[in-house]
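Try each task before you read its solution.

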Amino acid sequence: MTAELHPDIAVLEPLLGTWSGTGTGEYPTIDTFGYDETVTFAHVGKPFLAYAQRTSSTDDGRPLHAETGYWRIPQPSLAELILAHPTGLTEVLEGFAAPNMPGGDTLIVDVRSSSISRSASAKEVVASERTFEITGDTMRYTMRMAAVGQPLQHHLSATLTRTA
Ligand code: HEM
């Protein structure tokens with residue numbers, strides 16, 4: 001049985017499917033790197049999208065970061081991302097999801113961390129922000145973080161294309 005998208009998350013419909021593409025990562029404490037990324041957004045008819053991401057190095061294909069979680073719309077235009085990372089971190093990010101203008105064809109999702117938890121062994125991450133722009137089958141995003149003693153600044157940018 002194919003469920004209808006829950007009406008409370010209709011604003012997230014442009015995300016549904018599988019996306020892949022490439023990105024670049026940097027931070028003052030590490031070497032700049034390129035990555036391939038695949039992301040899926042799925043739903044079961046309840047008011048959230050299930051989200052899964054995996055990445056690999058463009059240099060040699062070795063696995064890099066991965067994350068999984070849920071995207072929620074608790075109130076019209078408000079967005080919540082509930083994410084788990086294999087690096088010992090969990091993040092809750094909150095912000096908005098809305099078209100770039102009334103009736104606009106670009107969905108903007110802009111969120112920042114309201115809480116980050118980490119295990120004793122995880123690297124210190126004290127804040128993060130993400131901005132997504134989705135137009136048709138193209139998704140662009142950037143991610144910023146305050147981590148390992150550094151102030152909030154750019155870590156990632158990528159462009160993905162919907163493949164399914
Ligand atoms: C597309 C997703 C991501 C990719 C491909 C990626 C990749 C990388 C790579 C290659 C490094 C260099 C060292 C290492 O291999 O561990 C790194 C460092 C790091 N990343 Fe990311 N990352 C991603 C997302 C994130 C997210 C979401 C967070 C935090 C919530 C994060 C936090 C960090 C931290 C704290 C470091 C360590 C910096 C240091 O030790 O100096 N990364 N990342």
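**Exercise 1.** Find out which strand gives the most to the lining of the largest pocket, then describe that lining by class.

*Solution.* Start with the strands. In this predicted model, E2 comes out on top, with nine residues in the lining of the largest pocket. Now sort the lining by class, and you get 20 nonpolar, ten polar and nine charged residues.

**Exercise 2.** How much space lies in the largest pocket, and which residues are closest to its centre?

*Solution.* The volume is about 890 Å³. The lining has 39 residues, and those closest to the pocket centre are Phe33, His65, Thr87, Met145 and His155. Keep His155 in mind, as the next exercise picks it up.

**Exercise 3.** Work out which protein atom is a donor of the ligand's iron atom, and place its residue in the fold.

*Solution.* Look around the iron for protein donors: the only one is NE2 of His155, at 2.3 Å. The cut-off for a donor here is 2.8 Å, so that distance qualifies. For context, an unreviewed UniProt entry places the feature "domain: THAP4-like heme-binding" at residues 9–162. Over that stretch the chain is 0% helix and 69% strand, with the end C-alpha atoms 19 Å apart.

**Exercise 4.** Take the residues under the UniProt annotation "binding site" and check which belong to the lining of the largest pocket.

*Solution.* The unreviewed entry lists Thr29, Lys123 and His155. Checking them against the pocket, Thr29, Lys123 and His155 are included in the lining.

**Exercise 5.** Are Thr29 and Lys123 buried, partly exposed or exposed, and what does each one touch beyond four places in sequence?

*Solution.* Take Thr29 to begin with, in the loop between strand E1 (17–27) and E2. Its relative accessibility is 46%, and because that sits between the 20% and 50% cut-offs, Thr29 counts as partly exposed. Beyond its sequence neighbours, Thr29 is in contact with Val148 and Gln150.

Now do Lys123, in the loop between strand E7 (106–118) and E8. Lys123 has 65% relative accessibility, which is over 50%, so Lys123 counts as exposed. Its contacts, again leaving out residues up to four places away, are Leu89, Arg118 and Val148. Compare the two lists: Val148 touches Thr29 and also Lys123.

Key: Residues are numbered from 1 along each chain as its sequence is written. This is a predicted model: local features need pLDDT of at least 70, side-chain atom pairs count only at pLDDT 80 or more; totals for chains, interfaces and linings use all residues. Side-chain values use heavy atoms; hydrogens and water are left out. On a 1 Å grid over the protein atoms alone, a cavity is a set of points where a 1.4 Å probe fits but cannot get out, and a pocket is an open set with protein on both sides within 12 Å along at least five of seven lines; lining residues have an atom within 4 Å of a point. Grid points are joined across faces, edges and corners, and a volume is the space filled by probe spheres set on the points. Helices (H or I, at least four residues) and strands (E, at least two) are DSSP runs, numbered from the N terminus. Ala, Val, Leu, Ile, Met, Phe, Trp, Tyr, Cys and Pro count as nonpolar, Asp, Glu, Lys and Arg as charged, and the others, Gly among them, as polar. UniProt positions are given in the numbering used here, feature names are shortened, and annotations may be inferred rather than shown by experiment. Donors are N, O and S atoms within 2.8 Å of the metal (3.2 Å for Na, K and Ca); water is not among the atoms, so sites may look incomplete. Buried means under 20% relative accessible area, exposed over 50%, partly exposed in between (1.4 Å probe, protein chains only). Contact means heavy atoms within 4.5 Å.
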